[in-house]
Amino acid sequence: MKKLLLVTSFLGLLTGFAGAQLQNNAAYIKVSSGSYLVALNGVINTNGGTLTVDGTLRTPADLTNTAGATLQGDGQYFIGGNWTNDAVFNAGISAATFTGDQGSTVTSGGDAFYDLLLDKTTNDLTLADDMNVANTLDFQAADNYIVLDNNNLQVLHITGYDATRHVRSTGTGFLVRTVGGSPVVFPVGNTSYNPATLSNAGASDLYFVRVADAVLSDGDAGAPLTADAVDRTWFIEEGAPGGSDLTLEVQWNGGEELTGFDHTASYVSHYTGGSWDAQPVVSATGADPYTLTRTGIATLSPFAVFGGGFVPVIDISGIILWEHDGVSGVQNANVALTGDAVDNTITPSDGTFTLTANNGSNFTVTPTKNINKLNGVTVADALAIQQHVAGNVPITSPYKQVAADVNKSNSITGFDATIINQSLLGNPSALNQFKTSWRFVPVSYAMSVPPWGFPEKINLAGVSGNTPDQDFWGIKTGDVVDVYADPANLVPPPPLVLRAGDRVLQAGEEIAVDFRADQFEDLAAWQFALRFDPDRLQLGDIKPLGGLPLTTDDFGVFDIADGEVRSIWSRATGVAVQEAAPVFQLHFKVLQDGGVLSDALYLDETALRSIAYNSNMQESEVQLQFSEATTGTGQVADATILLRNRPNPFADETTIEFSLPDACEAQLRIYDATGRELWQFDKYYPAGYHAERVNLEGVTAAGVLYYELTTPYGTRTKRMVRVGR
């Protein structure tokens with residue numbers, strides 16, 4: 001009862017001036033109908049207070065409703081400054097008029113105005129949050145604008161608008177109105193007045209409209225267009241998508257027309273399906289400003305006005321996938337666009353591409369790739385071709401038939417296998433016969449057997465918009481088989497072991513190194529690279545020994561200056577290798593004294609994987625093992641054998657194998673090319689075979705490293721390769 005009595009005692013005081021500032025702190029104040037209150041320095045309603053305005057409340061400064069307070073009533077508000085509501089505002093049927101010669105910012109707090117009037121002197125009203133006017137927005141004076149910034153303004157009725165008083169969509173905010181069968185004007189602009197009018201023959205709905213001062217190639221993204229268009233975009237959205245049947249009229253000024261635009265032959269374009277669509281050209285109405293109409297609009301996104309000569313920017317896109325798994329993208333393919341426009345791009349690791357055409361409608365898309373020709377190619381591919389030619393195991397996939405035709409002769413012959421083998425040997429002339437590294441076929445094309453004459457490009461005619469899904473299969477030339485995919489290879493057969501006699505090296509000596517193979521049931525192909533130290537050994541000749549049907553053509557010495565000898569051999573039908581079969585012989589001249597042959601000659605996995613295949617394409621490792629070393633007179637020099645490390649190359653872990661003639665102390669260590677020691681291990685070992693696991697995690701050195709075995713019988717050293725992580 002005390003609060004009620006207090007309010008009653010105030011009522012007679014609320015007609016007139018409230019001094020510098022009206023501040024209602026937790027009390028109940030009412031401006032009665034027919035009364036007015038002027039607060040020269042603003043109004044603050046706070047701390048749960050209630051301010052009821054049924055008469056007139058006027059302030060040239062700010063009105064703030066905060067801290068749980070309530071502002072209500074059906075009266076009149078005249079505000080010169082900012083309106084800030086973060087409490088409760090019940091507008092009733094009140095009218096809020098913004099006046100004065102200063103800008104105003106409105107924070108509605110989510111509560112709607114009923115009527116909002118703008119009667120300022122050349123100043124804006126800017127929204128600080130989304131705002132709703134439940135009845136009428138009335139522009140009462142020129143140079144009055146509501147600036148949306150990034151906030152939405154929803155209004156039922158709008159009056160008094162023209163080119164000097166309207167809603168400015170300077171950011172991402174929209175003017176929102178309900179549109180039914182009758183035309184509804186959205187008086188919007190940015191730097192100038194560009195209203196849009198909507199009518200809807202479909203279901204009534206809320207529609208959102210804003211305008212931007214540019215036309216972008218991709219609707220709401222891309223490069224600004226510079227010709228044959230009006231330099232404006234109308235962004236239109238709807239509250240509940242679907243059910244629209246809109247007629248849209250847009251307005252622009254002559255100064256907004258870009259070079260080449262002719263308003264007598266123009267149309268309203270809709271950005272849909274990834275491009276600006278085309279419409280029949282008509283003449284715009286009006287005489288600066290101009291208007292143009294489009295009907296039958298069912299879906300919404302950006303709209304713009306184009307001249308009849310406008311050609312949209314078109315994106316032609318797709319993906320190139322490796323045909324073998326249908327998942328892996330083909331990287332570093334060059335995709336070229338020719339025809340009415342020219343463009344090209346290089347595919348990233350996922351194989352995707354996008355080409356851009358600035359004009360025209362007829363195009364050709366052509367992918368090419370001609371690098372790293374031997375990637376994925378082994379002697380197994382030559383073997384598969386030989387088996388196909390012999391009729392033993394036909395290649396039935398049309399894509400693999402294309403891969404087998406390495407010289408692009410539209411046929412598969414033994415020459416294709418020869419090209420592969422000679423290329424793996426390092427023969428540059430043979431590698432030139434690989435006409436390309438990859439070939440490509442459109443995914444949409446149904447390949448047949450034989451596949452010759454298949455298309456290697458996509459021709460497009462009558463393109464009028466973005467054209468996705470122009471996809472290709474990539475076929476790696478020469479990569480006919482993938483032995484790793486064969487489940488039988490998960491448990492590989494025993495290795496193919498080549499054995500040679502070790503010996504002490506003496507300068508000036510001519511030595512013949514015989515290589516013998518352990519028994520192997522079914523040998524159809526092999527590949528390996530032997531590396532010798534050219535400072536210590538000079539290669540003379542290579543001689544096949546008859547244990548296998550080898551010829552000198554199965555060996556390559558194209559990199560002999562660096563001490564490399566390669567062997568690539570394949571045969572359509574496998575052969576049985578007898579125990580200790582003599583397979584080939586290398587003749588060397590020793591250039592330096594010291595050390596043994598096994599230190600200067602080894603299989604080099606970095607140059608070429610050491611692998612063998614049987615006729616079922618099962619893969620085996622090729623190993624080289626030396627017997628105990630002898631002197632030039634044939635006496636045993638040292639039975640200590642330092643074998644290869646496996647795997648090699650390796651990342652962090654590898655295993656070093658060695659054999660000792662007697663029990664003894666031995667030291668293993670690893671060092672880099674500068675002699676810096678990276679790892680060391682000392683142990684007493686019994687006689688026989690041993691294998692030590694090495695872990696270099698945390699050691700940064702990579703590339704060519706050396707591992708060394710030191711025993712009472714001497715020191716043995718070999719190379720290893722560590723790859724970066």
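**Around one tryptophan**

Author: Leaving aside residues up to four places away in sequence, Trp322 touches Val327, Ser328, Val330, Trp438, Trp473, Gly474, Lys476, Asp479 and Asp482. Contact here means heavy atoms within 4.5 Å. Before going on: this is a predicted model, where local features need pLDDT of at least 70 and side-chain atom pairs count only at pLDDT 80 or more, while totals for chains, interfaces and linings use all residues. Residues are numbered from 1 along each chain as its sequence is written, and side-chain values use heavy atoms, with hydrogens and water left out.

Reader: Good. Is Trp322 buried or exposed?

Author: Trp322 counts as buried because its relative accessibility is 19%. The cut-offs are under 20% relative accessible area for buried, over 50% for exposed and partly exposed in between, with a 1.4 Å probe and protein chains only.

Reader: And which strand does Trp322 lie in?

Author: Trp322 belongs to strand β33, residues 314-322. Helices (H or I, at least four residues) and strands (E, at least two) are DSSP runs, numbered from the N terminus.

Reader: What follows β33?

Author: The loop between β33 and β34 (334-339) holds Asn332. Phi of Asn332 is positive, near 65 degrees, though the residue is not glycine. Most residues other than glycine have a negative phi, and most peptide bonds are trans. Asn332 is partly exposed because its relative accessible area is 39%.

Reader: Where else is there a positive phi in a residue other than glycine?

Author: Asp149 has one, near 55 degrees. Asp149 sits in the loop between β18 (144-147) and β19 (153-159), and it is partly exposed, with a relative accessible area of 36%.

Reader: Which peptide bonds are cis?

Author: One joins Val449 and Pro450, with omega about 0 degrees; Pro450 is in the loop between β38 (438-442) and β39 (458-460). Another runs from Asn648 to Pro649, omega near 5 degrees, and Pro649 lies in the loop between β53 (641-646) and β54 (653-660).

Reader: Switching to helices. How many of the residues in α4 are buried?

Author: Eight of its eleven, so helix α4 (residues 414-424) is mostly covered. Among the buried ones are Ile419, Ile420 and Leu424. The buried residues of α4 pack against α2 (379-390), α3 (398-404), α5 (428-432), β43 (520-532) and β46 (564-577). After α4 comes Gly426, with a positive phi near 100 degrees.

Reader: What about the cores?

Author: The largest nonpolar core has 59 residues, and Tyr77, Trp83, Ile146 and Leu153 have the most contacts inside it. Apart from it lies another core, of 38 residues, including Phe528 and Val590. A nonpolar core is a set of buried Ala, Val, Leu, Ile, Met, Phe, Trp, Tyr and Cys residues joined through side-chain atoms within 4.5 Å.

Reader: OK, zooming out. How many helices and strands does the chain have?

Author: The protein chain has six helices and 59 strands. Its C-alpha atoms fill a box of roughly 135 × 65 × 40 Å along the principal axes.

Reader: And what is its radius of gyration?

Author: It is 43 Å, whereas a compact globule of 725 residues would be near 27 Å. That radius is taken over C-alpha atoms, and the globule rule is 2.2 Å times the number of residues to the power 0.38. Buried residues make up 50% of the 725.
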